[in-house]
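Grab a pencil and work through these exercises with the structure open beside you. Try each task before you peek at the solution.

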Amino acid sequence: MSESEPILELEDVTIQYRTEGGMLTAVSDASFTIGQGEYFGLVGESGCGKSTIAKTLIGALDDNGIIESGKIRYKGEEIQDYTEADFNEELRWKEISMIPQGSMNNLDPIEKISDQAIEIAQVHTDMTKSEALERFEELFDVVGIQKSRIDDYPHQFSGGMEQRAIIALALFLNPSLIIADEPTTALDVIMQDQVFKYLDEIREEGEASMVLITHDISLVFESCDDIAIMHSGQVAETGEIETIYDNPRHPYSFMLQGAFPDHRYPDRDLEIIEGHPPENMGEVNRCTFVDRCPYAVEECSEAAPELEQHEGSDVEHRVACFRSEDAHEEHYQNKEMPESGTAEVEGDD
Amino acid sequence: MTENEPVLRLEKLQKYFQEESFKDRLLGRETEPVKAVDEVTIDLHENESIGVIGESGCGKTTLLRTLMGLYEPTGGEMYYNGEPTSEFSRSEWQEYRRNVQIIFQDPFNSLDPKFTVRDTLKEPLQVHGLDNHDERIHDVLEEVQLNPPEQYIDRFPKQLSGGEKQRVSVARALILEPEVILADEPVSMLDVSTQASILTLLSDLMEERGLSMFYISHDLSTVSYICDEINVMYLGRVVERSPTKKVLKDPKHPYSKALIDAIPVPDPHYDRERTKIEGAALDPVDLGSGCRFRDRCPDRMDICEKKPRFVDVDGESIASCHLYYDHESDDTAADIDEQRLAGGRGSSTEAADQVGDD
């Protein structure tokens with residue numbers, strides 16, 4: 001948001017996994033930029049590569065995964081070639097921390113939460129035990145858990161509280177970037193909202209940036225500044241959330257928005273995106289959405305579209321689609337004539 | 001509809017779990033039961049689709065398992081076409097299980113990985129001694145739009161996408177030509193792009209086959225595509241019953257309100273306030289007789305220590321909440337007619353003594 005140096009930049013990053021059938025491309029030429037203090041939403045269906053990016057950013061890519069090409073810059077410094085030791089000494093917890101999927105088993109069940117915090121502090125900083133505890137108590141306050149409960153064991157917490165304790169750990173060493181991978185997916189809707197209330201407060205303070213990785217586009221629209229929509233390893237579209245909401249230019253973006261239920265409009269037809277994302281073996285030299293895209297032409301299977309600035313936008317708004325203009329026009333024309341919608345659902349009546 | 005006998009009728013259905021350790025028994029200690037389902041009354045009529053909504057721990061899965069006959073109710077009664085299931089013989093249970101089929105939540109784990117689609121669909125036919133296997137399998141695959149069936153019939157689950165797997169689950173439920181489908185969050189594990197197609201399939205099938213459906217979910221934003229009416233459950237009790245669109249627009253019970261207000265809205269221009277509800281739901285153990293939501297309720301009053309009655313709030317919504325009736329006449333006023341409580345909201349004769357708050 002500020003003009004200063006971005007906190008994180010991905011430039012044409014390709015990540016592959018070695019599999020029995022050859023090299024599987026999980027992320028293909030992905031680029032996006034996250035500013036200082038910004039909340040950035042990374043959205044897509046399962047298999048789109050969003051979790052691979054999360055793992056890469058904290059240096060926890062699976063053993064068979066490699067960053068094949070591209071640059072990842074954290075505060076201007078290239079980190080794509082960092083070793084495990086580099087990550088541990090330089091980045092983890094104090095610079096980049098992670099909130100993993102809220103599935104109740106991210107904390108050590110036989111260790112007090114305070115002991116887990118002390119361990120992190122001792123490995124990564126020279127804080128004393130009492131300084132660490134004091135800091136951790138403060139953070140419990142921030143995430144709305146009583147300070148007295150830092151000596152509890154994880155099982156003494158409800159799912160929402162446990163996830164908030166993990167947020168407290170993620171904030172513990174004042175990182176500049178937090179990677180939140182589906183932080184509330186396993187939580188009920190009221191607890192999810194409670195967790196986001198605290199994430200909002202952290203955002204207000206503006207000290208940490210966040211990558212919010214989720215399949216739930218509504219969470220991103222509510223809580224983030226910018227967004228990147230991914231399909232099967234490629235970034236389809238990226239920009240400010242208002243821009244992407246008001247003026248989506250990639251067919252996958254506007255179809256995904258149309259597929260998303262909104263409880264304010266229970267009668268609205270939900271859009272169906274036919275097919276499923278492909279598995280990309282080897283180099284990806286086509287648009288990965290081509291088989292599902294109603295607007296695809298031959299060109300789309302012949303080369304991968306570049307992520308380029310959308311000419312009609314005066315803010316940063318990049319789209320990777322050869323048919324962006326025509327598709328957008330066709331799609332919204334159909335919207336005005338509801339009868340012609342072939343791929344649409346009739347809700348209940 | 002109200003004149004017809006319901007296909008399924010739950011009357012004050014109760015399922016308590018008595019957790020008693022060996023030590024408790026040795027010391028002769030009485031333990032409090034977990035009241036997972038506590039006096040739930042719901043009617044399901046022919047070709048009707050009723051939703052049960054609630055968060056984890058509200059008892060919706062226990063309710064579903066009781067409906068499947070996996071749990072024996074500890075109180076109340078369940079009627080299938082007017083016959084109490086507690087008096088069912090073995091053959092009647094088999095008949096019941098043929099007519100009441102389930103679609104599970106997780107298509108990734110509810111199909112046998114070593115069964116082809118054909119094996120999966122053949123098994124129920126063999127169990128229930130039906131013939132014409134090939135024809136039935138072919139037809140049902142067409143019906144769930146796995147076309148052409150020949151292309152899918154010999155595949156294993158790992159060769160199917162999530163949406164295709166869920167279609168096989170739907171086919172497995174349909175192949176015995178049931179009257180009632182129990183659907184346990186059938187779309188919650190699917191990607192949003194396939195979610196809509198399964199929802200459409202289910203609502204089309206209901207229409208074509210005249211099926212009745214019990215739809216269980218935690219997700220209020222998709223229920224409107226399937227359910228005519230929903231029951232909001234909290235800690236084992238139904239707290240509100242309303243037509244789906246009504247409850248989304250105008251929830252009456254404070255818990256329903258909290259639940260709906262917490263749903264994220266996919267619109268950056270819409271300024272939704274974060275939830276004001278604190279804490280998490282308790283375990284349904286030893287909570288006394290009062291309203292189960294009272295410890296978190298923003299509208300809490302002293303009277304909430306007493307069990308709230310079901311009242312017809314506005315001719316459409318029925319809520320179990322002290323906000324909606326006049327306690328002066330509490331002792332004399334009759335509880336809302338059980339028949340109407342169970343489902344059919346026809347003419348309103350008893351709404352006279354109720355006070356709405358808005």
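**Exercise 1.** Find how many residues of chain B are in contact with chain A, and which element of chain B gives the most to that side.

*Solution.* Keep in mind that this is a predicted model. Start by counting pairs whose C-beta atoms lie within 7 Å: 37 residues of chain B touch 40 residues of chain A. Next, look for elements of chain B that give two or more residues to this side: they are α8 (192-209), α9 (220-223), α10 (244-249) and α11 (254-261). The top contributor is α8(B), with 7 residues. Finally, sort the chain B side by class: you get 18 nonpolar, 12 polar and 7 charged residues.

**Exercise 2.** Trace the open sheet of chain B: in what order do its 8 strands come, and which are the edge strands?

*Solution.* Hop from strand to strand and you read β6-β7-β8-β3-β9-β10-β12-β11 in chain B. The pairing is mixed. In general, strands of a sheet pair through backbone hydrogen bonds, either parallel or antiparallel. Now check the ends: β6 (100-103) and β11 (310-312) of chain B each pair on one side only, so they are the edge strands. From one strand to the next, the twist averages 20°.

**Exercise 3.** In which sense do β3 and β8 of chain B pair, and what is the bridge partner of Ile53(B)?

*Solution.* Take β3 (residues 49-53) and β8 (residues 212-217) of chain B: they pair in the parallel sense, over 5 bridges. Then pick out Ile53(B), whose partner in β8(B) is Ser217(B).

**Exercise 4.** Which strands of chain B does helix α7 lie across?

*Solution.* Locate α7 (residues 162-174) of chain B; this helix lies across β6 and β7 (180-184) of chain B. Compare directions, and α7 runs at about 175° to β6(B).

Note on methods:
Residues numbered from 1 in each chain as written. Chains lettered and ligands numbered in written order. Predicted model: local features only at pLDDT ≥ 70, side-chain atom pairs only at ≥ 80, totals over all residues. Pairing = 2+ DSSP bridges. Helix = DSSP H or I, 4+ residues; strand = E, 2+ residues; numbered from the N terminus. Axes fitted to C-alpha atoms, helices over the stretch in contact; angles between N-to-C directions. Contact = placed C-beta atoms within 7 Å. Nonpolar A, V, L, I, M, F, W, Y, C, P; charged D, E, K, R; others polar.
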